[in-house]
Protein chains: 4
Amino acid sequence: MGTDRSAVGVWLVGARGSVATTTVVGAAALRAGLTPPVGCVAELPDFDAAGLPTIGDLVFGGHDVIETALPKRAEQLVQAGVVPARLLDHVRDDLAAADAEIRPGAPLPSDSRPQALLAADLAADLASFRERHGLDRVVVVNVASTERRRSDHPAWARLPLLEQALSRSADVLPPSSLYAYAAFRAGCGYVDFTPSTGARLPALDELARRAGVPYAGSDGKTGETLVKSALAPMFAARALRVRSWSGTNLLGGGDGATLADPDAAASKNASKGLAVPQALGYPVEGRVHIDNVAELGEWKTAWDHISFEGLLGVRMTLQFTWQGCDSALAAPLVLDLARFVSRAQAAGVAGPVPALGFFFKDPLGSAEHGLVRQYDALRAWTRAL
Amino acid sequence: MGTDRSAVGVWLVGARGSVATTTVVGAAALRAGLTPPVGCVAELPDFDAAGLPTIGDLVFGGHDVIETALPKRAEQLVQAGVVPARLLDHVRDDLAAADAEIRPGAPLPSDSRPQALLAADLAADLASFRERHGLDRVVVVNVASTERRRSDHPAWARLPLLEQALSRSADVLPPSSLYAYAAFRAGCGYVDFTPSTGARLPALDELARRAGVPYAGSDGKTGETLVKSALAPMFAARALRVRSWSGTNLLGGGDGATLADPDAAASKNASKGLAVPQALGYPVEGRVHIDNVAELGEWKTAWDHISFEGLLGVRMTLQFTWQGCDSALAAPLVLDLARFVSRAQAAGVAGPVPALGFFFKDPLGSAEHGLVRQYDALRAWTRAL
Amino acid sequence: MGTDRSAVGVWLVGARGSVATTTVVGAAALRAGLTPPVGCVAELPDFDAAGLPTIGDLVFGGHDVIETALPKRAEQLVQAGVVPARLLDHVRDDLAAADAEIRPGAPLPSDSRPQALLAADLAADLASFRERHGLDRVVVVNVASTERRRSDHPAWARLPLLEQALSRSADVLPPSSLYAYAAFRAGCGYVDFTPSTGARLPALDELARRAGVPYAGSDGKTGETLVKSALAPMFAARALRVRSWSGTNLLGGGDGATLADPDAAASKNASKGLAVPQALGYPVEGRVHIDNVAELGEWKTAWDHISFEGLLGVRMTLQFTWQGCDSALAAPLVLDLARFVSRAQAAGVAGPVPALGFFFKDPLGSAEHGLVRQYDALRAWTRAL
Amino acid sequence: MGTDRSAVGVWLVGARGSVATTTVVGAAALRAGLTPPVGCVAELPDFDAAGLPTIGDLVFGGHDVIETALPKRAEQLVQAGVVPARLLDHVRDDLAAADAEIRPGAPLPSDSRPQALLAADLAADLASFRERHGLDRVVVVNVASTERRRSDHPAWARLPLLEQALSRSADVLPPSSLYAYAAFRAGCGYVDFTPSTGARLPALDELARRAGVPYAGSDGKTGETLVKSALAPMFAARALRVRSWSGTNLLGGGDGATLADPDAAASKNASKGLAVPQALGYPVEGRVHIDNVAELGEWKTAWDHISFEGLLGVRMTLQFTWQGCDSALAAPLVLDLARFVSRAQAAGVAGPVPALGFFFKDPLGSAEHGLVRQYDALRAWTRAL
């Protein structure tokens, strides 16, 4: 089926956030050979023959409401211990170039136009970006803050209803879904890196299939859930009975503040809760807390306590503590997903890409949550392309 | 290829140890429907069609130098919190029956006869056990204390040399290997549940193949290494670079005392050390400690500290603490292994059974240490039988 | 000032709960020399000359709405791993004796009499218990489930107002406070072992002082807060700046179910939150969660994550995990408190006993939360008696 | 007794190590008001009236065999995440000034002169430093790598024997003790911040008393032992029985490499082992490991597992993980100790200063290891000055 060795655009929704900034810094540092491709799944030997675009093929742009320019944001990430000070001078040009491609973002609360007009503007931004850089494909990746969960709209059910509603109303789709709509209209793939609604609506799925574009999601698996998806299959494979699985997540900075909002946390908790019962085949007692601990900044800590039993009802426990830097974990996955989705589009895939479930807490189009089996499925899929 | 639904003997070397006692208690309780088959891999739906002997088909015997009878040992395990008090009365008859089949064990230091004579005695015990109970097959499982590591003997290289040496000398094979020799001579499968030398000698492998019997090993994966074999593939699949992996194991009771002996610990550490570098493909800094903490009794605690980095060299950590009861974890695996090895023998397998690597820290005949892939290989093997 | 070597009654509110049952089992086992006085502060050499009543001097009774008799409750605690099976036969008589002194408890929702009448009944129970056993003193200890927090009643402010309200209304005091009222009326000391309101009302304090009886509270320090009160002074003494202190408590059984009720948890969290800012002298970011994890039974696990900084703003962390059995920790403190409060009464102390703050999360009459200084204050107080 | 508000020299043995460099950076940043005095015990309000020299009064010099200048060493500590990049320019002059006062250090293996001559050179360096800066007092602080433990020399027993031996032999005292000897000869106080032998020899104590100079030690309490000294008194105060206390220390960089040497680790382990049994009053099972994990750099992680029991023999556990930066913890204590020892000398104290035991794993002249009581003793001592 060939390869995807052409210029590929990566359009970041939330383009001046920590994840996006680290993504652009990372791509620049990788391209310049200043840092090894740690955390980049697409760079593993298993994917050498997958025909993926290289990191050097990627061009960055995006939307954001924040106005702090990327070079300044990168300096802030140096202070926070995410970006090494020694890299800053070497990536400044790349940051400036990406920053020049950032457009004032997403639907503002004050915007009262019908959403169809907004979507047309967004799609025009994407098309103009593609043309300006002579890109073969553009992949839109949502790395904006998690949205509040909202009640369903009847127009979400079918594409004609959606088109009709968008042409009249300013309040049909949440921002993440409006971006997905605009992406599909512009012929771009779309990635839900957050738990926001995004492309997960029947009407949007219909549009993606009709437009012949792939999408993937949702909610990048970068911490507690990653570990859960590695450990839950262990208990299943050994027939050990998990009695309870409790977790506490301490998140700093913006992510913590967003998720401390109970509605956003509801989105997050729903997607975090699937790995364990799917692997085990039965429901398990225990809660997951997400706390905003502002002083942790870019860092997050998760503690999980698993109570299980062995033969004769003997009770035992496993605990783990994960201390990670969200941006350093997420950024390489953003690069991976842009490359895999671009490759899927080149191969003619339309609609959700189940094989990309490996990257997500709530894998679209797949019921498998076990990490190793997800990896094996990803590898098998690329081999079959 | 049919099934293995016939009476099968399980001959436990170290038959009055905690693991063996829990195995016999567990089998009796399972047979009587008094406890669910938690920890029993062979009872998972994936193996329903594998044609395994049932737990009810198993008959127990063994060797031991300890003289405390199994019912008494079970009482001690009630005190230790391993066996529930309520079960004791219901399994007493089964314990007494198994105890009646225990022979005074292994080569004693004072025994100066050539080892060929000892082996003949052991093999005769096995044959007599098989006949007395009309068993189709007997599987010998070594659950004795870990032996000191000793220097190689030239006769280990080839079977004729070994036979010759055994006929003359009292000091050719360590006990675990002498048992393997006797098992193969008697047409029995053999399982190395400990890190002792056991069947892992070229001459013994030659004998097993010639005798048409399977063997499996070595060193049951019941704690820290089990978790490692679930977590190391996570770092590999996500291309995260592990910088160091350090571990401390606190073991109580007999196991701790044995492994605090530096020579025995050497055996143990060698087999514990393989999961991580195999999964990652590169060596990793860090030590593994095994401490004897007598007061922990039947319990063990492992703490592992993993330092890793993500994109841009950002350093993160994962720690886990495993608090387990060794016997409650090992006993169901002993039952599993007896059943799978018996099935392998029924299917005509001779020599090591790589598909059983799932159960072991140091899987014989297999380079795969990742738990989920080991499980998938086990399942595939049973389907192909 | 002499000693308190006379028969002393311990009247347990919630007399068939796990803490109360373990208290009676423990006292019986200690009296019979079947177990060492582990966890009993009053048995430390520092208090040899404090003139405390001995454990052998204690006689047990109480109130409860539960009807399961103490010997049966003790059997349940054997199943739960709290009470050793070997003790049961030796303490059965003591349990039966204590059970015979349990009266149908606390104000029932259906009881619509003015609370003055209920209080008179409760006080009569106490007086009758004292007389029946020829006791010199009785100490009432509240070990019932934590009450919901309720809004203040104007009659709580002064004793005459309270008396008036009680004579008319069925809904003036929460049960814990009604018990305190009855205790003081009957000339008995009172201990708030829970975070419920209890004696902490101005009108009740007035009554205690007038009646010449001491009281102590509140909320026994048996787990996470105990460790906090040992660790927070470390940061203070070393001038290390604590940036955040987050905690998660997983509680099983009855305690977890009660505290999962948000109103009860509010009581609990208020008393748990004081140790850290008092020791440090400044407020600290971070939440405390209390989860009901029913399967944990009598056990509780707390994980605390403390982020702090050293010189030059370098960030570091301390984490701890406490895995405890609530009843085994609380029961010896109940014995201690009965003995110390009885001693205080013998010495003529009336009102709150600040020196007993050592035992509590929310020490009445004391601003000191650091454990070692609380201990030193307790020792100094007994020496001065 | 007045105050000590005069210029005070701090002579660092190992003056270009990480602790010394951080000390000089920290003092400069504190003096310039660029960082708050976090970790500085002497800056707590309790010591406002203690008459201590201020940080601005301190002048730095020292000995080292390493030739990398302090400004360069500080840059390395920026890379390691210990010193904030923003501070570097502001403290460069202070670093250069301190570096100009560093003399080529300690006895080299190749030096075959009698040690009396070496000591005279070292003492001359101290006297010259004092005169050059018009210092009232100089305190020598040993922050060099931990020495191997060596066998006793008969001349250590009495000062005349020592003088005689030093005048003849090149191999009487280990370097740390030779520095203490030179310090006392030069009328300087001495601090053992490491577990090396230092001043802890009868002959050196005799000299200190005769010379009228104070000394303090040994082995700064900056991590695992600090936490132990806060937690062990908790178990003691609550009469809980500690069954085992096991610890693993993962140390990076130089410290780890030194202590991985079994002889040096022997020194370290001896001093680390005292806090728990002293607090509890009985010996406790369990080992302490010190691992060199080079990749951890300036960071260290300690995990401790404490198994204890409550009433009725119920077993529970407490675990903690300490993740700290050694230099950021040690540097403010070096400043504290220089100030307190200078103050002691001003007040006429000669010999060991038991009240400074608060700072040390192995407190000289004191049997108290509990942190809070040590603090209270320190405060009481300064008040009595």
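**A tour of the interface between chains A and B**

Across the interface of chain B and chain A, two salt bridges are found, a salt bridge being a side-chain nitrogen of Lys or Arg within 4 Å of a carboxyl oxygen of Asp or Glu. This is a predicted model, in which local features need pLDDT of at least 70 and side-chain atom pairs count only at pLDDT 80 or more, while totals for chains, interfaces and linings use all residues. Residues are numbered from 1 along each chain as its sequence is written, chains are lettered from A in the order in which they are written, and side-chain values use heavy atoms, without hydrogens and water.

Select Asp376(A) and Arg373(B) first. They form a salt bridge, with the closest N and O atoms 2.7 Å apart.

Elements giving two or more residues to the side that touches chain A include helix H1 (18-31), helix H8 (224-237) and helix H13 (371-384) of chain B. S10(B) gives the most to this side, with 11 residues.

Now show strand S10 (residues 315-325) of chain A beside S10(B). The two pair in the antiparallel sense over seven bridges; pairing requires at least two bridges found by DSSP. Phe320(A) has Phe320(B) as its bridge partner in S10(B).

Finally, select the whole contact (heavy atoms within 4.5 Å). Chain B and chain A each contribute 62 residues.

Notes
Helices (H or I, at least four residues) and strands (E, at least two) are DSSP runs, numbered from the N terminus.
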